[in-house]
Amino acid sequence: MLRSNIISQCRRLLSTGTTKTWASKTTAPSLKASTHYRDALLDGIPSTGPPSLRSRKYKQRYSSPEGINEAFDVAYDFLKSKSEAAYAKAAEAKDPQEKAQLETQAELHNPEVNFNFAYNEKLENDTQYIDYELPVYRELKKKHWENYGQMLTMQRLETLAAIPDTLPTLEPKAEISLKFQNHTGVNRWVEAGKKLSSNATTFPPSVKIQEFDALDLTKGKYTILIVNPDVPDIENNTYKTQIAWGLSNLSITYNDNFINPAKLLKDEGKYNEIISYLPPVPEKNLPAQRFVTWVFRQGEQSLDIQLQKRDFDIRQFVEDFKLEAIGAHIWRSEWDLNVREVRELYGLPQGTVFAKVKGTRRLR
Amino acid sequence: MLTQTTQGSLKQPTLQLLRGLRTKSKNSRVATVSAATQRIITGLSVLSGRKKYPRILKLSNEDLIRHDTIQAAWAQYQRDIRTDRQSVLDKQYDSIINAMEDLKITNMELFKIANKKEKGKRFPLDARIPVDFPPNKVWHYEVKAPAEKK
Amino acid sequence: MSFLSAGRLLNASKSLSALTLHGLRSQTTPKLNFQAIQVRTATKKVAGSRTNMRDSAGRRLGAKVAENEPVKTGQILYRQRGTKFYPGENAGIGKDHTIFALEPGYVRFYMDPFHPERKFIGVALAPELRLPTPHFSPRVRRLGYEEILDEKKAAFEENNLARKHHLLRPTIEKQLEQRQLQRESVLTSYSEQIAKLASDLNEDEVLLAAERLLFIKTHIQNGTKLSESQAIATFTYFQNLRLEVQRGQTTQEEATQLRAEYSQLALKVDSLISFDNQYKLISFITEEQRLQKVAELDSKLKTLFADINKKTKNEIKSLIFENNLINATERKRLISKYLKSVLPEPTGLTSPTEKKASISKRWNYEKSKVEVVARSKEAFPFK
C-alpha cells in the first residue's frame with residue numbers, strides 16, 4: 001500500500017493534470033470543476049495541501065483521511081460505469097421528461113458537478129459553474145430549495161394567511177425570489193414575510209422565477225400578479241383585495257429568469273403590463289398590509305388584458321384565464337413617515353388616519 | 001406501616017407501626033441509582049458536551065465531495081445487490097405460482113396435497129444445508145471438549 | 001353518677017374484648033423472631049377526616065353565553081379548568097383557559113374536521129355565517145377601525161409616533177441632511193469630471209449624466225453588476241417620467257421625447273465614462289482592457305520583484321497603491337505576492353550555525369517535532 005501510495009504521489013507530481021474524465025455527453029463548462037481545484041478533487045489532495053484552504057498554515061496542517069484516495073478511485077470508476085449506462089439509455093429515450101431524468105441520473109454523482117454546486121452561488125448563478133439548463137443542476141437546486149427555502153416561504157404564506165386570503169392553496173413548483181432594484185441601491189433578497197419601508201417599495205420589485213421541471217420554455221409564458229388583500233373597505237367595515245402590479249406574457253429561460261429592470265427594458269413590447277405599479281401606501285394606525293406576489297404558468301396562450309380598476313378578484317381572474325400557480329412570495333408594509341412622499345410621487349390623495357373602533361359595531 | 005426499630009429490646013429488633021412515614025421519593029419518576037453509577041453520572045455532568053463525543057472530522061471541500069462520492073458509490077452498490085436479489089426472489093416466486101397453476105389444471109388432487117398446511121412441521125434444524133462445495137470431511141470425530149479446570 | 005359508671009363499664013368491656021382478641025391472634029399467627037408492639041391510636045374521630053370540610057365554593061365554571069348569542073369584544077364565553085373547549089375563529093384563550101371573544105359577533109359552538117377530537121367556541125362576524133369557515137375560502141374579516149374625521153385630531157394622530165421612532169427622528173433627519181450634502185458634493189464633482197470627459201454635452205445633460213452616474217455608483221458599490229445598475233438607472237428614470245405624466249406635470253408627447261433623449265444620453269454616457277476603483281470617473285474602459293492593464297502591472301511588478309531592495313520596494317508600493325484600476329481582491333493578491341516581509345521558504349534557508357542568521361523554532365507536522373529554522377538576510381528583503 002505504501003509503495004502504491006508513493007507511485008501515485010510520483011504520478012501526481014509528474015503529471016500536468018488528472019486523467020479522469022466523466023462520461024458526460026455534452027461539453028458544457030459547468031460539468032467540469034475549475035482547474036484550480038480539479039486535480040485535487042479527482043486525484044487527491046496534493047502534498048502542498050488542499051487548494052480550497054486559503055492559509056498556508058492550515059494547508060500544511062491538513063491531512064486527508066486514510067485510504068480515501070484508493071476508495072475514491074474505485075468509487076469513481078463504479079459510478080462512471082453507471083453514468084455511461086444512464087447516458088446510453090438517455091440517448092434512446094424519446095420522452096423529454098424521461099430523458100431529463102436519465103441525464104440527471106447520469107450526472108448526479110459526478111464529483112465535479114457536486115463540487116461546483118456546493119461551493120458556488122446558487123441563486124445568482126454563474127453559468128460557468130452552475131448551469132440550470134442542465135437537468136442535473138436543476139435537480140440539485142430543487143433539493144436544496146426543498147430543504148429550506150420552500151418550507152420557509154410556505155410557512156410564511158400560511159401563517160400570514162396569504163393562503164387562503166388570496167388563493168385557496170399552493171403547490172409550489174418553482175422558486176420565487178424577490179428583490180427591490182430601485183433608487184435605494186440596496187442589493188438584498190427579501191425574505192418572505194419581511195416588513196419593508198415605504199421608501200424601499202417605491203418602485204416595482206424584481207422577481208426571479210426558477211423553474212425546475214423539464215419544460216419547453218420557448219413556448220410557455222408566465223404571469224406575475226401582486227395583490228394586496230388588506231385594503232380597508234370602510235363602507236362595509238371590512239377589507240378588500242386590490243391589485244398592485246400585474247405582468248403577463250413573460251418569457252424566461254432556466255438561467256435568464258430574473259424579471260428585473262434590465263430584462264424589462266430588453267423585452268420591452270414583448271410582455272404585457274396588466275396594470276401599472278401602485279406602491280404600498282399603508283394607512284396610519286392600520287395593521288401591516290400584505291403584498292402577495294403570485295407567479296403563474298399561463299401556458300402557450302397570450303394574455304393581453306389590461307385592467308383599469310384596482311379592485312380585484314384574484315380567484316376569478318385565475319379561473320377565467322386558466323392560470324396555474326407555481327409559486328408565491330410575500331412582503332408586508334406598515335405606515336411610516338415616508339408614505340406621504342410616496343403618495344405625492346404617485347399623485348395619490350392624502351392618506352386616512354384611522355382609530356380603533358371602541359364598542360360593538362359589528363360587521364353586519 | 002411496620003418499621004424495624006432497635007428500641008425496646010437490644011437483641012430483638014422490634015416492629016413499630018407508624019402512620020404517614022414516607023419511604024419512597026416523592027417524585028416517582030426519579031430513578032434511584034447505585035452510588036457507583038451516581039459517581040459516573042456526576043463525573044460526566046462536569047465534562048463539557050464537546051468532550052463526551054469524538055471530534056468531528058474536519059474535511060476540506062475537495063475531500064468532503066470525495067467522501068460523498070464514495071458514500072454514493074457504496075449506497076449504489078448495495079442497492080444493486082438488493083435489487084438483483086429481489087429480482088431473483090421475484091422470479092422464483094413467479095415460477096412457484098406458475099407451477100402451482102399448472103398443477104391445478106393437471107391434477108387437483110396433487111395440488112391439494114402440495115398445498116396442504118402442515119402445522120408444527122418444520123425444516124429440521126440439524127439438517128445440513130445443501131451447498132455448492134460440501135466439505136470432504138463431514139464430521140470431526142476426534143474433537144473433544146477441553147478439560148474443565150477444577 | 002349513672003353516666004360515670006356507664007363510662008367505666010364501657011371501658012372495662014373494651015379492655016376485655018382487646019384481651020380476648022390478643023389471645024386469639026397469638027394462637028393463630030406463626031411465631032416471629034421479634035416482638036411486635038401495638039401502638040394504640042385514637043379510634044374516636046375527634047377532629048374529623050383530613051379531607052372533611054375542605055371543599056371550596058363552586059368556581060362558577062361553564063358557558064356564559066348561548067349559541068348564536070350576540071357578544072362584544074372581550075366578553076367571556078366559557079370558563080373552564082383545562083381546555084374542554086378550544087378557542088375557535090375570533091376567540092382567544094386566557095391563562096386560566098377562559099375563552100373570550102376577540103371580535104363582536106355571534107357565538108358558535110362547533111367541531112372542526114381538522115381537529116376531530118376538539119370542540120371549539122368561535123365568534124361568527126355575521127348572523128348568517130356558520131363556523132368553521134370552509135378551509136379553502138378566504139377569511140371573513142372585520143375592519144374594526146374608523147376614519148378620524150376631525151382634521152385637527154387626524155393631524156395630531158398622524159404625527160403621534162411611537163416613543164422609539166419619535167426619539168430617533170432628529171438623528172435620522174440629520175443623517176438625511178448630511179447624505180444630501182454629500183450627494184450634492186459628489187454631483188458637482190461628477191459634473192466637472194463629465195464636462196472634461198464628454199465635452200459635447202450641454203449643462204442640463206451634464207447634470208442628468210452626473211445624476212445617472214451617481215445612481216449607478218451607489219448600485220455597484222452595493223455589489224450590483226454594472227450593466228444591471230445602468231438598466232436600473234434608466235428604468236427608474238422612465239418610471240419617474242411616467243409618474244410625471246400621471247400627475248399631469250408633463251404631457252405624453254413630451255415624456256416620449258424625454259425618454260428618447262435620455263436613452264441617447266445613457267448610451268453615450270455609458271460608452272464614454274467608466275468608474276475607477278475609487279468611484280472617480282475615467283474615460284471608458286472595457287473589462288477586458290482593464291484586465292489586460294492589471295496583467296501588465298503584474299508583469300511589471302514581477303520584474304521589479306526579481307531584484308528586490310528598499311528602492312524597488314517603494315516603487316512596488318506606489319505601483320500597487322496608486323493604481324486606480326485594480327479592485328480590492330486584485331490588490332490583496334498583489335500585496336501578498338510582491339510585498340512580502342519574508343520570502344517563501346527555499347530562499348535564504350541556511351544552517352543555524354551561520355552568523356547573523358535569524359533563528360526561529362516551529363512545529364513540523366509531518367515529522368511531529370520541533371525544528372529549528374535559520375534564515376539569512378536574503379529572506380527578509382525589506383529589513
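**Exercise 1. In what order do the three strands of the open sheet in chain C stand, and is the pairing parallel or antiparallel?**

Residues are numbered from 1 along each chain as its sequence is written, and chains are lettered from A and ligands numbered from 1 in the order in which they are written.

*Solution.* 
- Step 1: The order is β13-β15-β14 (chain C), with antiparallel pairing. Strands here are DSSP E runs of at least two residues, helices are H or I runs of at least four, and both are numbered from the N terminus. Two strands pair if DSSP finds at least two bridges between them.
- Step 2: β13 (349-350) and β14 (358-364) of chain C are the edge strands, as each pairs on one side only.
- Step 3: β13(C) is joined to β15 (residues 369-375) of chain C by two bridges, and Thr350(C) stands opposite Ala374(C).

**Exercise 2. Describe how chain A meets chain C.**

*Solution.* 
- Step 1: Count the residues. Chain A brings 42 residues to the contact and chain C brings 37; two residues are in contact if their C-beta atoms, placed from the backbone, lie within 7 Å.
- Step 2: Find the elements. Among those giving two or more residues on the chain A side are α3 (56-61), β4 (221-233) and β5 (238-250) of chain A, but α10(A) gives the most, with four residues.
- Step 3: Sort by class. The chain A side holds 20 nonpolar, 14 polar and eight charged residues. Ala, Val, Leu, Ile, Met, Phe, Trp, Tyr, Cys and Pro count as nonpolar, Asp, Glu, Lys and Arg as charged, and the others, Gly among them, as polar.
- Step 4: Look across the chains. β10(A) pairs with β10 (residues 145-147) of chain C in the antiparallel sense over three bridges, and Phe354(A) has Glu147(C) as its bridge partner.
- Step 5: Check the scores. The predictor gives the complex an ipTM of 0.91 and a pTM of 0.81.

**Exercise 3. Characterise helix α4 of chain C.**

*Solution.* 
- Step 1: α4(C) covers residues 203-221 and spans 27 Å from first C-alpha to last, close to the 27 Å expected. The expected span is 1.5 Å times one less than the number of residues.
- Step 2: Its buried residues include Val206(C), Leu213(C) and Ile216(C), along with Arg212(C) and His219(C). A residue is buried if 20 or more other C-beta atoms, placed from the backbone, lie within 10 Å of its own, exposed if 12 or fewer, and partly exposed in between.
- Step 3: The cover over these buried residues includes α3 (163-197), α5 (226-247) and α6 (252-272) of chain C.
- Step 4: After the helix comes Gly223(C), with a positive phi near 95°.

**Exercise 4. Which part of chain C has pLDDT under 50?**

*Solution.* 
- Step 1: Chain C averages a pLDDT of 87, and 89% of its residues score at least 70; pLDDT is the predictor's confidence in each residue, from 0 to 100.
- Step 2: Residues 1-29 of chain C stay under 50, and the model gives them zero contacts beyond four places in sequence.
- Step 3: Where pLDDT is low, the predicted coordinates should not be read in detail.

Note on methods: This is a predicted model: local features need pLDDT of at least 70, side-chain atom pairs count only at pLDDT 80 or more; totals for chains, interfaces and linings use all residues.
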